[in-house]
Amino acid sequence: MQDVKEFRPTIVAFCCNWCSYAGADLAGSSRLGYPADVKIIRVPCSCRVNPLFILRAFQRGADGVIMAGCHPGDCHYTSGNYFARRRMTLLFSMLDYLGIERERTRVEWISAAEGAKFAKTMNEFVATVTALGENKRLEDLRCKK
Amino acid sequence: MKFSYYPGCTLKTKAKDLDAYMRASAEALGVELAELPEWQCCGAVYPMAKDEIATKLSAVRALMSARDLGTDLVTLCSACHNVIKQVNHDMKTDADIALRANNYIGAETPYMGETAVLHFLEVLRDRVGFDTLKAKVKNPLTGRKIGAYYGCLLLRPSKIMAMDDPENPTIIEDFIRAIGAEPVIYGMRNECCGGYVTLENKGEAERRSNIVLESAKAKGADTVVTACPLCLYNLKKNGGCDDVSVVYFTELLAEALGVK
Amino acid sequence: MQRIGVFVCHCGTNIAATVDVKAVVEALSHEPGVVFATDYQYMCSESGQTLMREAIREHKLGGVVVCSCSPRMHEATFRKAAAKEGLNPYMVEIANIREQVSWIHKDIKEGTEKAIILGRAAIAKVHLNQPLQAGESPVTKRALVIGGGIAGIQTALDIAEAGFEVDIVEKEPTIGGKMAQIDKTFPTLDCAACILTPKMVDVAQHEKIKIFSYSEIESVKGFVGNFRVAIRRKARYVDEDKCTGCGICTEKCPQKKVPNEFNMGFDTRRAVYIPFAQAVPKVATIDANYCTMLKTGKCGVCAKFCGVGAIDYKQQDQIVEREYGAIVAATGFNPLKPTQYDELGYATCADVVTSLELERLMNAAGPTAGTLLRPSDKKHPHTIVFVQCVGSRCDAENEKGKPYCSKICCMYTAKHAMLIRDKYPDTEVYVFYIDVRTPGKNFDEFYRRAVEQYGVHYIKGQVGKVVEENGTLKVQASDLLSGEQLHIDADLVVLATAVEPDKSARGIATMLTASMDTNDFFTEAHAKLRPVESPTAGIFLSGVCQGPKDIPETVSQASAAAAKVIGLLAKDKLTCNPCVAQSDELLCNGCSSCERVCPYGAITYSDKEFRGPNRTTLIRRVASVNPAVCQGCGACTVACPSGAMDLKGFSNRQIMAEVDAICKM
Amino acid sequence: MQEMMVKRAVELLENGTVDRVLGWTTGEFAYDMTPAVFRSADDLKNGFVYNDFCAANLSKYLIKECVAGGKILVFLKPCDTYSFNQLIAEHRIKREMIYVIGIACEGKADIDKLKDMGIDGITGITAKDGVYTVATIYGDATVKATDAMAERCLSCKSKKHMAYDELIGEDGDVVADCGRFDMVEKLEAMTPDERYEFWRGELSRCIRCNACRNVCPACSCEKCIFDNPGSGVSQKAAVNSFEENMFHIIRAFHVAGRCTDCGECTRVCPQNIPLHLLNRKFIKDINAFWGEYQAGENPDAKPPLGRYEKGDREPGEFGGVQA
Amino acid sequence: MSHNKNAAAVEEVLRSSGVDVRKCMRCGKCTATCPAFDEMEYHPHQFVYMVEKGQIDKLAASDSIYRCLSCFACMERCPRQVEPAKLIEAVRLHVIRAKGANHLKPEQIPAMLDEDLPQQAIASAFRKYSK
């Protein structure tokens, strides 16, 4: 029998500086754990997240991408997350339309006070993506090890 | 101008005159009213409960039949109007009620609130126009001081009836002006006459009616007009105010148009 | 390639306990460009910073990566330290290996691996970092206050006292606002005019304050420190400089039947008028809707009598352009007109009035000279019913009313009730309330006095119907505590109507790009920590335009807004956040996609010349970002299809480099 | 029709209203009508062609013409006027520099369909009463127009011009029930695996010739990010399935809310990839998520990605969209 | 205060009325406006509060449920869209839907008639009081 290595997904999390990144900090200082598979990239606002970045992550081997921002109405820049929400709505719908597993992408609104929600969301998301297995449909084999 | 017409139980029996006056007036105004080929009593009171379906069906059938005829549905009695308009609103906005009512009826095309429901007063205001009406008046009721009695059903709930300001309405006053009389505005014109409990609790119906009529009288009304046969009955029978006569608005309309 | 130094912090044992810091140093030291890597107990400590500065100097570092706690914690610390060594602070990046690694991952192997990956991402980013210079913009040392009520007056006075110029733009012919109409103020019962009018005079006489009365904001351009505002001075057909306010015209004008809005329409004024005796500026205004001369060209009485020739029937609206460093919105409120609540009889009964109308009926300078007479028959009312919360505290779906508590009604009603009982002890006063809300210094004591000393009947319940019969108002109401339905024969009914933001506020907010809530109150930058600032830089909030408040609160907020304005105007230059968007003009299509999503109006377009093929010159529409206005959210960068718009410090390339570093296994 | 157009164009040229005319001329083959600029009456009389092969949407060519200056006469079919308005909205062309003659259109012939019917040696086409008469070197062939019409014309959304200075022929109406989303709905009804297979089958044929991008009136960037080495995502040719997907996803995203559904991308694709199905998916989504929106209908309308509502749906909420 | 045995009845009344009793701010405007106040033991605002407290039994046993005039005034004037009349109707239905619990029986009608009485009065009484 072949020795199957346990699958550990690669997850990229784009977090806005003002709410979700602070929420991640709170999860940290509250010692609320989530799998090390999640790696956070700090952006000023969820509206800074370009669909290109998400596709890029999949290309380079991510198995799941999550974007987290301030709750609608609480954006530090007043309206950024509203625009981000529309953009991601379309992008996710298109990925689904192309037959790419819709569970691999997610948007969550997490405030600076929601450390617990941050940890819970990441735990859930890692579990979901782990269950899906490796990203095959948006992979770029050149980028795989 | 062609409409489907839903007369309702009372206008076919005890309040035949009201119906006849309207038909005569409508003809004089060039409004064609075709009575629905088949209709059932609306139940005279709107079943407010969300889980009341069977009691709403007669209204749905009338609405559906007007839709199939491709016409708006006109009512004359305030109670019928209230029941049918509210049920129509349910069919339009409450998917659960619409689904269950349609399942009940089993029509080919489900009814989803497509029909516009109009009280004959709305036809006069919005379709004929009070100015046109005024021009067609042959016997203006000059010198008459008339109080409009709206009661409860004509205006409320205002969001659904969408007929006029529920607290400071003008539609009947404008009608009164159009037929050449002077409207009398009094405080109790949109308060209930207690008609619904006339069987159960005659005493209360009497008290409420008197409050309404006294209020109109205090402001100098010689006549009070209603748009509902039950109000008419109640104010007349239980009100017992001899100085103020109570009439249905179509009677005055027919009189003014010279078709009474 | 950047020469990069990596510094891994132990944070005592906070990091070192679950991350093998030596292994991280070892792994990162082999990353491209890394010329120095070390670890230290506490990087943020003085000696840790010294360590970093020495390394920058010794190894000629062009970029620094600190693997430590959250950048929200110490990014500024490390950037400052680097700057002291002459390294551009924006060449420093933080890898967060505490909050995101050591504190949440128990397994040392896992933690160390992730710390290395985060370190790599930071290194990859630093390779693409550019030195950034925080820009500066000058500050116009003048403030604009929109609205001349007590809020605007107080803000203007405080700013002017600090030595800065202030303009007040007021749409009415006089400043003073609602407070000028009020009789007495709670909880001290001072006469409103006695405390307001001296302030109005101060404003008029202050050399730093300029009043644009009977004027409106036409347009606002620019940004914090550099606003350009067009003000429409509406034609008042009177030369403000010539008019002495003698009032002869207002006595001679033959048009006497103009409803007097200052007295809530209870009496009349002339077509040429001065709203009230203490008006500032004390200048007459001709009401074009009523002036016979302006309407028919025949009359001219006022001009005939004016001794100084101030009347000018040919006057036109004038647009004045002024520059400001800061703008304060003090647009105030109006009481809701309760015509929709005719169960309470307002539209049909003359003796049902609003509280502000009652103020005029009780004011010594009002239509009844201070004697409380009811409007219908000018008789003393002996039974008065007050109704609270008319149009306030309604369900969000209720189209007639407002969802908020108007905050001031409980107190002014207690004031009215008390004053009436004091002056006319034979009057019975009933107040129908839902809750009596009196949070404020000496407020509850005041209300208790109304009940205990003055015998005002407070009844928990509401009025359901008011009907006028033979001169009496028949009031039907509930008394919830006794479980009764009450029938009171009243002479006067007073409705405490909801406060609603002035209708002009919405348009002004749009011009200011200041956000508003669904009720048309201005939104503050932070509900708790920045309550007098709008999220838009340079726009400040004063008074009820931000939310219902009473006079003491309004005045404190007005002064707070002034303090913020003074803080801004005191600066000669504003330092801007350098992490702002910039447009690559060669790539820009000029399509306006970015402009549409910019919450700050930081993007403008201009036609620029470019070199075309064959030595031709092309003119293209291109976007440029004003770095003083841009706050760096990045919304524009994604809206831009051509990639012309990018964000400094968080560029497309930088973020993608981080993505690549994280995903590469 | 062609005579009327030429006559009017000559008039406008001669009375100085315009100084050149953007229209069509015959390309390499008689069925290959290409956009062309005419500067004189002679040019027009000799070269101008308008027939049922003139499918190209001329609006994009106005970008270049506007940069060159002068006043341009352009002939626009109803669907082209949407692109025209969109370009106006995006300040890519200047309304005052353009004189638009709207021309009625009953749908253009699809050369591939004709060839599939075995019609070769084509020299011309005329349409009357729903029948194409195709002139060939072997004689005339007649076919039912709807059998040989381009797919995009069969599901034409509008025969009404959104902008024009004058019309030749009658203006039509917006087609309420054009069925242009039928195929999108069909795809939505498939399982994700089926959809994946479908799109792999289509997109794997992409040769990255960039024809779709070059013809697209919305893809009018000064420099496309895929051509710009500075963008970090440039690619000359798609190396693998990811890059094929990436190019088309990003292209669809960049034109989302801006694409007027003119269908040029699919028309010009040498590999016959139904690229319009990507754009139509976004159009359908936008309508379903944020209210009906037709790019190019009104140049003053706020585009869907340039506005928002507080209660907008959340990303990943697919309810109600899938069949 | 707890009325677990009533939980099902409360749930039924809330569901069939569609009323959210928690919206009530206890202002009493419904009771202030009610024309049938003098006839009722429990008044509109009490229906709202007592349903919330689970006291359906008391309401069901009271004649108040037959005294409502269905005039919609309380619904129209409630500042918080609570719609007390719908609750009263729901409690009444809760009672008369039980077998044999009709409040009005056909045999009672003849004694109540007079010659002018409109049919509407009888129809509405049956609709309201009987199943």
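Helix α8 (residues 171-178) of chain B lies across strands β5 (145-148), β6 and β7 of chain B, and runs at about 155 degrees to β5(B). The model described here is predicted. The strands in question belong to an open sheet of four strands in chain B, ordered β6-β5-β7-β8, with parallel pairing. Because β6 (182-184) and β8 (245-248) of chain B each have a single partner strand, they stand at the edges, and one side of each is left without a neighbour in the sheet. On average, neighbouring strands of this sheet are turned by 40 degrees against each other, direction ignored. Strands of a sheet pair through backbone hydrogen bonds, in either a parallel or an antiparallel manner. Strand β7 (residues 223-226) of chain B is joined to β8(B) by four bridges, and the two run parallel. Within this pairing, B:V224 has B:V246 of β8(B) as its bridge partner.

Chain C contains 18 helices and 34 strands. Its radius of gyration is 33 Å, whereas the globule rule gives 26 Å for 665 residues; the chain is therefore more spread out than a compact globule. Along the principal axes, the C-alpha atoms of chain C fill a box of roughly 95 × 70 × 40 Å. The chain is divided into domain 1 (4-128), domain 2 (136-234 + 317-332 + 513-574), domain 3 (235-316), domain 4 (333-500) and domain 5 (581-648). A distance of 52 Å separates the C-alpha centres of domain 3 of chain C and domain 5 of chain C.

Chain C also touches chain A, with 36 residues of chain C in contact with 35 residues of chain A. On the chain C side, the elements that give two or more residues are α4 (98-102), α5 (108-128), α17 (635-639) and α18 (652-663) of chain C. The most is given by α18(C), with eight residues. By class, the side of chain C that touches chain A divides into 18 nonpolar, ten polar and eight charged residues.

For chain D, the assignment gives domain 1 (1-108 + 152-178), domain 2 (112-149) and domain 3 (180-323). The C-alpha centres of domain 1 of chain D and domain 3 of chain D are 26 Å apart. Contact between these two domains involves 20 residues of domain 1 of chain D and 17 residues of domain 3 of chain D. Helix α4 (residues 78-89) of chain D supplies the largest share of the domain 1 side, namely nine residues. The side of domain 1 of chain D that touches domain 3 of chain D comprises nine nonpolar, six polar and five charged residues.

A helix pair in chain D was also examined. The axes of helix α8 (residues 182-189) of chain D and helix α13 (residues 276-290) of chain D come within 9 Å and cross at roughly 85 degrees. This angle makes α8(D) roughly perpendicular to α13(D). From α8(D), the contact is made by D:M183, D:V184 and D:L187, and from α13(D) by D:L277, D:R280, D:K281 and D:K284. The residues of this contact between α8(D) and α13(D) divide into four nonpolar, no polar and three charged.

Technical notes:
Residues are numbered from 1 along each chain as its sequence is written. Chains are lettered from A and ligands numbered from 1 in the order in which they are written. This is a predicted model: local features need pLDDT of at least 70, side-chain atom pairs count only at pLDDT 80 or more; totals for chains, interfaces and linings use all residues. Domain bounds come from an automatic or database domain assignment. Axes are lines fitted to C-alpha atoms, for helices over the stretch in contact, and angles run from 0 to 180 degrees between N-to-C directions. Angles under 35 degrees count as roughly parallel, over 145 as roughly antiparallel, 65 to 115 as roughly perpendicular and the rest as oblique. Two residues are in contact if their C-beta atoms, placed from the backbone, lie within 7 Å. Ala, Val, Leu, Ile, Met, Phe, Trp, Tyr, Cys and Pro count as nonpolar, Asp, Glu, Lys and Arg as charged, and the others, Gly among them, as polar. Two strands pair if DSSP finds at least two bridges between them. The radius of gyration is taken over C-alpha atoms; the globule rule is 2.2 Å times the number of residues to the power 0.38.
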